[in-house]
Amino acid sequence: MTTRLSALQDWVDSVAKLTQPEDIHWCNGSDAEYKRLIRQMNRSGDLIELDAASYPNCYLHRSDPTDVARVEHLTFICTQDEEDAGPNNHWMKPADAHAKIDALFEGAMQGRTMYVIPYCMGPIESPYSRLGVEITDSPYVVANMKLMTRMGADALARIEREGTFVKGLHSTGDLDPDRRFIMHFPEELAIKSIGSGYGGNALLGKKCHALRIASWQARQEGWLAEHMLIVGVESPQGETHYIACAFPSACGKTNLAMLIPPDSQPGWKIWTLGDDIAWLHLDEGGQLRAINPEAGYFGVVPGTNAKTNKNAFDMIQSDAIFTNVGVTADNQPWWEDKKTGTPVTDWKGDPYVEGAGPAAHPNSRFTVSAKRNAAYSELADAPEGVPISALVFGGRRKELAPLVYEAKDWKHGVLVGAGVASETTAAATGEIGVVRRDPMAMKPFCGYNFADYWAHWLSFAERSDKLPRVFHVNWFRQDADGKFLWPGFGENLRVLRWIIDRCENRVGANETAIGFLPTADDIDTRDLDISAETMAALLSVDKDQWKAEMASVGEYLQSYGDRLPSELLAIQADVVAALNVPD
Ligand code: OXD
Ligand code: MN
């Protein structure tokens, strides 16, 4: 296979000249091609087949131990003007970035096959979808792209029809962390990534394209590319609301997207549309609609069990790729909190020694097609996407943020999103558990200056009077002994129900300085072992803490200087003033 699109053929030729692969394979996306690659990686040792009786078609990949997470300090947005990338990104001048990374690509694919992967982010027929081509020398990347995206012949046909596509060049290089870079060139719709095989650095359709480049395109074209799950919540009466939620990496998006209603909530159903990324467009009637650009999940494995996320637990029982988990004596994958089995080998392939570190890496992952999920919504393939009733922001905060509150209006919701802060997790290299600002959960993913991004968000208020309501949740509030106050997981449906009732004007709220909060009675706590005091703590607003928080949000916003929309600061000042009104 080659292509009749000269822009694509010329680019592939020039990459081959630079990287000097042994051969070139154009991926058609067929199941036979996937099986062939799996067999080949099995032979080469890139993949280890897991027990075929209990985990049919499941494989384990062990990455280089220095290559287990996203590398934010090596990720760059390369725009002509540094201000366009903003203080939220590492920046390099495009010419310098190309020179630096092209030198590393020189001859990088010698002795290897170069794979050309045409892909479509979003349903093939959707006007909201966007196209890309990833060139890589990693068969592991090809197999993961097959599970995560709509890739192959159909995508190529649309690319040839439309002529526009994001160019993504990837090589695992020599995996030397000193020769590892993830560069984005939004003005050229291009990505270059070398030295890592880890998902977020190497599966270029995901974070690099669907968030960093797409957020740039979205601003130009009037839509939003967000780090959000999309979930459908169906009531016993058959009414379904779609909600999109932005939480930072490894803060439970996959679990919420696949929530199993507890027995105390009979008749409720959950439908998963996506677990990581949402592209949001206003339709002609001003309704915000969402598509999930992805077609599979690249989820965090540890903690997944039949209680925390039965749908995920079941769906990774076959046809999945595991990366960096442990293995049991009978060759089953094993991870912390799996609740069954005992590991004998750890994620590095060494004998597992209890107490000497985890068996599975804390950021070990599963890759699986979205269709394997029992709660999969067929509407994930709908070209027109789904109408969004509510947007929800959240973070991992021990204190301060109540269980749930609603923003006063869209523009205040932008401030709520801009103020998101969360403890860092193992999804990125660096210190874990430190609270940092992660606006809209997009800190590592916004491909341009946050100040311009917030202005873009604010502009939606002028474009539609039917925008969804905006909320903030915090499942992670703890007491003084470090015990979680809220049970989380399936019980989070109780909070989603309040959110839906608010959207339908079926329930009142306490108006506070930070927004609208439920009264303790408004959240259904039937059959839940939770005291009135705990509920009161979960729904409290500590004014002194909030004054300090809003001052810190104000300082953070001001660090964006002149480009910051003054309207956002005015909204922050209104909240400060409301907090200063005596009770
Ligand atoms: C992810 C991440 O893998 O956010 O989704 O790091
Ligand atoms: Mn993510």
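How many nonpolar, polar and charged residues are in the lining of the second largest cavity? The answer comes below, after a few words on the model.

## About the model

This is a predicted model, in which local features need pLDDT of at least 70, side-chain atom pairs count only at pLDDT 80 or more, and totals for chains, interfaces and linings use all residues. Residues are numbered from 1 along each chain as its sequence is written, chains are lettered from A and ligands numbered from 1 in the order in which they are written, and side-chain values use heavy atoms, without hydrogens and water.

## Two cavities

Searching the whole structure turns up two cavities of 30 Å³ or more. A cavity here is a set of points on a 1 Å grid over the protein atoms alone where a 1.4 Å probe fits but cannot get out, and its lining residues have an atom within 4 Å of a point. The volume is the space filled by probe spheres set on the points.

The second largest cavity, with a volume of about 30 Å³, is lined by P123, L273, A290, I291, N292, L379, A380 and A382. And here is the answer: this lining has seven nonpolar residues, one polar and no charged. (Ala, Val, Leu, Ile, Met, Phe, Trp, Tyr, Cys and Pro count as nonpolar, Asp, Glu, Lys and Arg as charged, and the others, Gly among them, as polar.)

The largest cavity holds about 180 Å³ of space. Of its 17 lining residues, Y405, V416, G419, W546 and E549 lie nearest its centre. Helix 11 and helix 15 (543–558) are the elements that give two or more residues to this lining, and helix 15 gives the most, with four. By class, the lining of the largest cavity has twelve nonpolar, three polar and two charged residues.

## Helix 11 meets helix 16

Helix 11 (residues 410–418) also packs against helix 16 (residues 566–580), at an angle of about 85 degrees and with the axes 10 Å apart. That makes helix 11 roughly perpendicular to helix 16, a term for angles of 65 to 115 degrees. Helices are DSSP runs of H or I with at least four residues, and strands are runs of E with at least two.

K411, H412, V414, L415 and A418 in helix 11 meet E567, L568, I571, Q572 and V575 in helix 16, where contact means heavy atoms within 4.5 Å. This contact has six nonpolar, two polar and two charged residues.

## A buried histidine

H281 sits in strand 16 (residues 278–282). With a relative accessible area of 7%, H281 is buried (under 20%, using a 1.4 Å probe and protein chains only). Leaving out residues up to four places away in sequence, H281 touches Y128, W223, Q287, L288 and R289.

Notes
Axes fitted to C-alpha atoms, helices over the stretch in contact; angles between N-to-C directions. Parallel < 35°, antiparallel > 145°, perpendicular 65-115°, else oblique. 1 Å grid on protein atoms, 1.4 Å probe; cavity = no way out; pocket = protein on both sides within 12 Å on 5 of 7 lines; lining within 4 Å. Buried < 20%, exposed > 50% of the residue type's maximum accessible area, 1.4 Å probe, protein only.
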